[in-house]
Amino acid sequence: IADKSNFARLTYPKFFETDDGTLLLYMRLGGNNNGAYVFNRYDAAEQKWSTFTQFNEKDQKSKGNAYNWGLYGNMKYVNGKLRVGFQQRSGDNNDKYLYQNGVYYAYSDHPEGFGDWKNHQGESITWPLIDSDEIKVFEPGDYITGHTDANSVYIVSGFDWTVTENEDIHIISKVRSTDRSRADFQDVALHSYKPAGADDFIITTEFAGADEIYTAGENIYIVGLDNGRPYVEKAQGGTNDFTRVYQASSGRTFDHGRVHIANGKLYYYLMEKKSGNAQPLYLQIIDLNIVPVDPVGADNFTIEA
């Protein structure tokens, strides 16, 4: 890379394309409990990446915040806007959270994210962001009881978010006791969603949980493993009315997987549930039968491979 200094100390690259075809890249600057999201754009004519722009400041404590924090989530370009959704990892290692806490969301009204950042209520926020409370949606740790001792609450897996073409915001997350052997062990899956035009989020525990959430048109889809086998559920955007439309009932079982959805097909990269080093990877392709602008017939799922 000719301008390698532009990319120094950055990790976890992800690419996406805007509606006008601009290629954007975002990466993480810093470490687990003191980090920032930074992003840039590719100039095709000059064949060169721009310098990075920060969504939030690193070293937040030195800039007036009570503590440093890092981000665990994603920056995405969804429904015509650059957006951020994450859980926070605080520099305070003595609170009740072992790693992450909170659910945070913001979006930009600038076509490429260079300013005009707002919280979910449409209020302008400090940019680059320093105090994450400006964009906090809610605290998953409030949904388990009796956990006040240090590092007793575990909020790591099962976090994702999306926004439908109607501007319904959907966020999934999980919270559980860190110690699985404690007498009051709790494990809660959460679906927080804000229908288009609503003032605030609806938060429900009447939710099966999932690893990924995806939108196509007005619908949302969750993807996960049930007893080690893939499933997909569908709901109308702005609701929690999920219906299971695909469930593998036989064959191999898997430990975990990663999802990629493109052109109406779900590509599920899965690691088989075995012991030691004998844990091969598989790809399962599920045809969602989605027409991206106006999804119909999505109840018919077929396995291609």
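In which loop does D168 lie? D168 lies in the loop between β12 (160-163) and β13 (169-177), where strands (E, at least two residues) are DSSP runs numbered from the N terminus. The legends below describe a predicted model, in which local features need pLDDT of at least 70 and side-chain atom pairs count only at pLDDT 80 or more, while totals for chains, interfaces and linings use all residues. Residues are numbered from 1 along each chain as its sequence is written, and side-chain values use heavy atoms, with hydrogens and water left out.

**View 1. Confidence along the chain.** The protein chain has an average pLDDT of 90, and 94% of the residues score at least 70; pLDDT is the predictor's confidence in each residue, from 0 to 100. Over residues 290-305, however, the pLDDT is below 50, although this stretch has 47 contacts in the model beyond near neighbours in sequence, a contact being heavy atoms within 4.5 Å. Where pLDDT is low, the predicted coordinates should not be read in detail.

View 2. D168 is buried yet has no salt bridge, and K194, the nearest side chain of opposite charge, is 10 Å away. Here buried means under 20% relative accessible area, exposed over 50%, and partly exposed in between (1.4 Å probe, protein chains only), and a salt bridge is a side-chain nitrogen of Lys or Arg within 4 Å of a carboxyl oxygen of Asp or Glu. Lys and Arg count as positive and Asp and Glu as negative, whereas His and the chain ends are not counted. The side chain of D168 makes a polar contact of 2.8 Å with the side chain of T164, and the D168 side chain also reaches the backbone nitrogen of A196 at 2.8 Å. Polar contacts are pairs of N or O atoms within 3.5 Å; within protein, one must be able to donate a hydrogen and the other to accept it, and residues adjacent in sequence count only if both atoms are side-chain atoms.

**View 3. E57 and D59 in the loop between β5 and β6.** E57 is found in the loop between β5 (53-54) and β6 (69-78), and D59 lies in the loop between β5 and β6 as well. E57 is buried without a salt bridge, the nearest side chain of opposite charge being that of K63, 4.2 Å away. D59 counts as partly exposed because its relative accessibility is 30%, and its side chain is joined by polar contacts to that of N34 at 2.7 Å and to that of K58 at 3.3 Å.

View 4. Strands β18 (residues 229-236) and β19 (residues 243-247) run antiparallel and are joined by four bridges, two strands being paired if DSSP finds at least two bridges between them. Six residues separate the strands of this hairpin, and G238 in the turn has a positive phi of about 80°. R244 in β19 is the bridge partner of E233. The side chains of R244 and D226 meet in a salt bridge (2.8 Å, N to O). D226 lies in strand β17 (residues 219-226) and R244 in strand β19, so the pair ties together parts that are 18 residues apart in sequence.

**View 5. The salt bridge between R258 and E212.** The structure holds 13 salt bridges. In one of them, R258 pairs with E212, the closest N and O atoms being 3.9 Å apart. R258 counts as exposed at 54% relative accessibility, whereas E212 counts as buried at 17%.
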